[in-house]
Amino acid sequence: MSLLKNWKLILATMTVAMFTACAGSNGGSDDDYSSDDESSVEASSENSGAKAAAKKKEPPKEVIDENKLKKTEQEATAINEDNHKLRKEIFDAKNKLGMSTAEDAE
């Protein structure tokens, strides 16, 4: 087969080769790449140590008691009732105006 007949295959192969080559590069600049492996290891160990210290300093988790749970449940119920009332008002207003009350398809 001739090269002109397989141009799509050649194009796909070249594209994959370019992406593979670019995936491992530093964007073309050698200045950003550090050849000193010890400094890289030290920097990464310092970062992991900082992350571990940050995790240790997290505030203690909030304790949820029964009263707080009941209060939150009452608030959620009240909000749900308000939502139902507002939806009913919107439905009634749409009916008065003669607008469609079906849900909009997205």
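**Reading confidence and salt bridges**

Modeller: Please note at the outset that this is a predicted model. Where pLDDT is low, the coordinates should not be read in detail.

Colleague: What is the average pLDDT of the protein?

Modeller: The protein has an average pLDDT of 75, and 62% of the residues score at least 70.

Colleague: Which helix has the lowest confidence, and which the highest?

Modeller: Confidence is lowest in helix H2, residues 37–56, with a mean of 55. It is highest in helix H3, residues 66–97, where the mean is 94.

Colleague: How many salt bridges are counted?

Modeller: A salt bridge requires a side-chain nitrogen of Lys or Arg within 4 Å of a carboxyl oxygen of Asp or Glu. By this rule, there are 2 salt bridges.

Colleague: Which residue forms a salt bridge with glutamate 66?

Modeller: The partner of glutamate 66 is lysine 70, with the closest N and O atoms 3.4 Å apart. The two residues lie 4 residues apart in helix H3, so about one helical turn separates them. Glutamate 66 is exposed, at 56% relative accessibility, whereas lysine 70 is partly exposed, at 45%.

Colleague: How far apart are the closest N and O atoms of glutamate 62 and lysine 68?

Modeller: In that salt bridge, the closest N and O atoms are 1.8 Å apart.

Colleague: Is glutamate 62 buried or exposed?

Modeller: Glutamate 62 is exposed, with a relative accessible area of 57%.

Conventions:
Residues are numbered from 1 along each chain as its sequence is written. This is a predicted model: local features need pLDDT of at least 70, side-chain atom pairs count only at pLDDT 80 or more; totals for chains, interfaces and linings use all residues. Side-chain values use heavy atoms; hydrogens and water are left out. pLDDT is the predictor's confidence in each residue, from 0 to 100. Buried means under 20% relative accessible area, exposed over 50%, partly exposed in between (1.4 Å probe, protein chains only).
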